[in-house]
Amino acid sequence: MAERIKTFLPEEQMPTQWYNVIPDLPAPPPPPLHPATMEPIGPDALAPLFPMALILQEVSGDSYIDIPDPIQQVYRLWRPTPLIRARRLEEALGTPARIYFKYEGVSPVGSHKPNTAVPQAFYNAESGITKITTETGAGQWGAALAFACQMFGLECEVWQVRASYDQKPYRRLMMETYGATVHPSPSTATETGRKLLEAEPDNPGSLGIAISEAIEVAAQDPQAHYSLGSVLNHVLLHQTVIGEEALVQLAELGETPDLIVGCTGGGSNFAGLSFPFLREKLAGNMAPVIRCVEPAACPSFTKGVYTYDFGDMAGFTPLIKMYTLGHSFVPAPIHAGGLRYHGMSPLLSHIYDLGLMEAEAKVQSECFEAGTLFARCEGIIPAPEPTHALASAVAEARRCAETGEEKVILTALCGHGLLDLTAYDSYLTGQLQDYSYPAEAVEAAMAGIPGAGG
């Protein structure tokens, strides 16, 4: 059996700049709107929730933004991350395809999320803020922000989607070990949560609800800000360290990807891997197919509507144009908790609308089948979220086995699944149930969206 190939970069080759894809796109993305006036909002409208440094990154027209040294120092705890060729997986599939994965599970919290949690904590601390509130689905983002807050001396308060809070107690314990306060969402700690629990005591929660609760608390405290782990431009920007490293690592191996595939919930992991390659594609230097994979239970791209919608359930946020299932969406409690957001990143939505990437949806049984195969071949148990990308990569590799095509496939293994073993237990014992979100539910949800059709 062939040796697995790992490619590491010297520490000094860690990126010192984040890449902003917006200036390289053929058209700018639509601006966020004020829900009352339907007019574009300015940076000042975001100031109650975010430090100005992040707001300026959100609207930046610069292609590259320097990474401050204090952030680089924390990044060096785990970056650069390895690029690994999945030779044993290739052999198991009998494919001529070459499969590479960028492994972000080596971070302190086991996922890609600290790539943005660290800068967000840094910029908030630098602005004098003492507390950050946030939401989390699977718990990876909450753990990352709790870790980052400890790095810069900040208090952290997290609302974890109830379904994940119950399924993943060790993620809650990880957040609490890092010093965070964690609530199941909906919670009794906010007016939003209390109203929802009064109407439905067993409400399983959603990321939209948890966002509303975190924003509600932050808005009432002048020393607090809110932090988001995906969706927004500055979050995607911070994640581009993944793709920038992968570009250099593949070049050292003399490889150019034919397919780049990643899982998408809000979009940060996928954007972080793909944006530097999209830059090279737009410049004519390579021509990979760029594919995002989402859960069939939360199919924003494949069944959602591209329109203006709120980013949260209660309507506290500006209206942002994105592929959405409707901000009232409450997902089925699938195990890929990080992929249960009702909408997709506005920037990724814009890029998808421009036809620069493609999307597909997968049911969770196919994803866990691929994740289990990957674990048995490569030794790493993937988190439920990246099993979606692995399912697509495995299907592509099998097609290559049939056709004899020698494709180079690149994916991001955005986190390990060592705290998700209850999900694997459900799969291995035959209790995992597939669910596909019905199109008629999306149509009904559009009635409550102020910008539907816009």
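Predicted model: local features only at pLDDT ≥ 70, side-chain atom pairs only at ≥ 80, totals over all residues.
A cavity, as I use the word today, is a set of grid points where a 1.4 Å probe fits but cannot get out.

Which element gives the largest share of its lining? That is helix 10, with four residues. Among the residues that line this cavity are Tyr-19, Asn-20, Val-21 and Ile-22, along with Gln-57, Phe-275 and Leu-347. By class, the lining splits into seven nonpolar and four polar residues, with no charged ones.

Now the pockets. The largest pocket has about 660 Å³ of space, and 35 residues line it. Nearest its centre are Pro-32, Leu-46, Glu-58, Leu-232 and Ile-320. Several elements each give two or more residues to this lining: helix 1 (52–58), helix 9 (207–219), helix 10 (233–239), strand 13 (319–324) and helix 14 (346–353). Helix 1 gives the most, three residues. The lining of the largest pocket counts 26 nonpolar residues, seven polar and two charged.

The second largest pocket holds about 210 Å³. Its lining has 14 residues, and those closest to the centre are Ala-45, Leu-49, Phe-316, Thr-317 and Pro-318. How many of the lining residues are charged? None are; 11 are nonpolar and three are polar.

To recap, the largest pocket has two charged residues in its lining, while the second largest pocket and the second largest cavity have none.

Conventions:
Residues numbered from 1 in each chain as written. Heavy atoms only, no water. 1 Å grid on protein atoms, 1.4 Å probe; cavity = no way out; pocket = protein on both sides within 12 Å on 5 of 7 lines; lining within 4 Å. Points joined across faces, edges and corners; volume = space filled by probe spheres on them. Nonpolar A, V, L, I, M, F, W, Y, C, P; charged D, E, K, R; others polar.
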